[in-house]
Amino acid sequence: MEKQSSSCKSPLLVTPSNNHNVVESGSTDLKGKPVCRALTGGWTASLLIIGVEIAERLAYHGINSNLVTYLTNIMHESTATAAKNVNVWSGAATMLPLLGAFVADSYLGRYGTILVSSLVYLLGLCSLTLATSITFFRPPTCHSTLYSCPKASVFQVGFFFFSLYLVALGQGGHKPCLEAFGADQFDDRDPEERKYKASFFNWWYFGICSGIVFSAFGLSYIQENVGWGLGFGIPTVTMAMALSVFFWGTKLYRHKLPRASPLTQIIKVFIAAIHKWNVSLPSKEEQISAVEEETLKVEERLQLLPTKQLRFLDKAAVTISSDYEHKTGINWRLCTVTEVEEVKLVLRLFPIWVACLMYGVIFAQSPTFFIKQGSTMDRKIGSSFEIPAASLQGFIALSIMVLIPVYDRIFVPLARHITGNERGITLLQRIGVGIFSSLLAMVAAALIEMKRLQAAKDYGVADKPNETIPLSIIWLLPQCILFGISDVFAQVGLQEYFYDQMPDTMRSLGIALYLSILGVGSFLSSILISIVEDITSRGKGQSWFADNINEAHVDYFYWLLAALSALFLCIYMSLAGCFIYKEKECKDFYDEETS
């Protein structure tokens with residue numbers, strides 16, 4: 001736990017005379033006043049925020065982990081259609097954070113966006129509980145004697161997916177802001193708190209996995225064996241209680257008030273650079289514009305040092321006589337070096353973002369085809385207890401919960417001693433290890449699926465979709481554990497990378513960009529499934545995604561994903577090798593004013 005001074009009697013009673021107790025990284029209370037380091041932020045505030053995330057992940061994965069089962073067994077959709085619908089919904093849920101982050105960074109702030117989106121989230125959960133618990137909102141059950149399943153009505157399908165996407169909309173504002181808000185509780189300018197922030201992302205993901213474990217082992221069992229309504233009602237109540245605790249802790253939080261729209265700043269830099277296209281570039285020493293120092297003092301932003309990349313944008317910070325012709329509103333002709341470098345930071349992240357998309361595609365497989373694999377296998381523990389197929393998500397999360405403390409408390413200190421890096425290894429190295437592990441997970445999944453298909457033939461149940469293959473679901477654990485290892489490195493690394501390397505004023509957007517990798521990956525997975533299904537089902541060929549998975553060839557699909565992952569990993573390694581991390585020069589503006 002961090003050591004803090006206790007000399008502040010109130011977060012509001014902060015002046016330059018006791019500025020060593022002030023959080024200096026632009027943090028304020030909700031009214032924009034400086035806050036005391038001893039009474040706000042740190043682990044106390046962040047643990048409350050992690051608690052909310054546990055409840056939110058319980059709710060989200062209570063839906064996501066078993067959604068393919070609900071769509072096939074209750075809504076009577078085909079395997080391929082259900083998998084595509086899960087991918088599209090998951091993609092939307094992880095793309096909408098881009099909108100939520102924009103609103104947070106530009107208008108409502110992170111706290112305000114969390115408040116509004118949480119209400120939408122709860123409304124969606126309540127609606128979904130109704131859709132799954134009342135028979136009027138569900139199609140009739142299948143006729144076992146006639147082997148037919150009545151289709152859901154347009155109203156039933158519409159209400160269910162309306163509820164589902166209402167949850168996605170609420171999650172879109174909730175997810176990027178809550179994580180960035182948690183990281184905001186640590187001061188980048190304080191060496192100790194900076195180390196705690198790096199550790200925060202590990203424990204944040206540990207909290208996420210705690211929610212996933214309960215949803216996978218508890219909720220999925222309740223949904224399949226007790227009732228879907230109760231299975232969705234429990235996370236609804238849990239989410240409401242967690243949010244009550246979150247808002248109770250409001251006085252403990254450090255806030256980053258919204259400033260100008262990130263989109264406006266990006267456009268401004270490009271307009272200023274284009275306006276001065278014929279101006280000569282200055283040397284690094286001459287590059288600081290006349291408005292730089294004053295702007296940084298007013299906004300309490302970290303000064304970014306000029307870089308050699310994307311130098312054509314540097315012209316936006318060159319001062320010429322016509323820059324001051326317009327005295328009012330936004331000066332579209334002159335930017336500070338820091339504003340230019342912030343735009344460069346955003347642009348420099350996109351190649352890495354693209355190179356990680358294949359990881360997002362692989363990530364989309366665990367809540368879809370992994371579950372369908374497990375549903376055909378022997379899931380009994382002991383003589384009578386049968387675990388749900390969706391519990392495979394829990395095994396992934398359990399492996400993460402075991403590995404994160406090992407990574408944070410053993411691996412990082414040892415690696416730090418060897419490399420001298422305070423994180424142990426660089427962020428991009430960590431992500432690269434995770435991507436490689438996901439490739440191995442696909443190889444393992446393909447090999448195990450080949451064994452499962454052979455077992456179905458050997459036991460004569462390949463043409464019997466409702467028959468259980470006498471092959472234990474434990475065989476799927478290797479691919480789940482490799483997924484867990486991949487998440488510990490890639491998922492946590494991506495979260496910290498897109499938060500840390502984004503400008504201070506755009507960090508909600510950074511978390512949203514990380515989530516969009518998973519969102520675009522889900523969409524790409526859905527497109528890839530459609531293409532493969534179309535090609536493999538032509539003529540008299542058997543689709544790789546036949547409704548009877550015992551006659552399908554999901555193993556071929558896994559091999560395809562492994563090959564594509566290897567290609568993207570090579571691209572990623574070449575881009576990561578030439579990436580230059582953000583440099584920042586911190587200035588204590590209170591000291592400058594009082595010296």
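**View 1. Surroundings of F270 in a predicted model.** Leaving aside neighbours within four places in sequence, F270 is in contact (heavy atoms within 4.5 Å) with F312, L313, V343 and L347. F270 belongs to helix α8, residues 262–275, where helices are DSSP runs of H or I with at least four residues, numbered from the N terminus. F270 counts as partly exposed because its relative accessibility is 28%; buried means under 20% relative accessible area, exposed over 50%, and partly exposed in between, with a 1.4 Å probe and protein chains only.

Residues are numbered from 1 along each chain as its sequence is written. The model is predicted, so that local features need pLDDT of at least 70 and side-chain atom pairs count only at pLDDT 80 or more, while totals for chains, interfaces and linings use all residues, and side-chain values use heavy atoms, with hydrogens and water left out.

**View 2. T250 in the loop between α7 and α8.** Leaving aside neighbours within four places in sequence, T250 is in contact with L30, Y111 and H255. T250 and L30 are 220 residues apart in sequence, and their C-alpha atoms are 8.9 Å apart in space. The side chain of T250 also reaches the backbone oxygen of F247 at 2.6 Å.

**View 3. The salt bridge of R57 and E53 within helix α1.** The closest N and O atoms of this salt bridge are 3.6 Å apart, a salt bridge being a side-chain nitrogen of Lys or Arg within 4 Å of a carboxyl oxygen of Asp or Glu. Because R57 and E53 are four residues apart in helix α1 (residues 42–64), about one helical turn separates them. R57 is buried, with a relative accessible area of 6%, and E53 is buried too, at 1%.

**View 4. A salt bridge between K84 and E533.** The closest N and O atoms of K84 and E533 are 3.6 Å apart. K84 lies in helix α3 (residues 79–95) and E533 in helix α16 (residues 507–536), so the pair ties together parts that are 449 residues apart in sequence. E533 counts as partly exposed, at 22% relative accessibility.

**View 5. A salt bridge between R423 and E496.** The side chains of R423 and E496 meet at 2.6 Å, N to O. The pair links distant parts of the chain, 73 residues apart, with R423 in the loop between α13 (392–419) and α14 (427–458) and E496 in helix α15 (residues 477–500).

Methods. Helices (H or I, at least four residues) and strands (E, at least two) are DSSP runs, numbered from the N terminus. A polar contact is a pair of N or O atoms within 3.5 Å; within protein, one must be able to donate a hydrogen and the other to accept it, and residues adjacent in sequence count only if both atoms are side-chain atoms.
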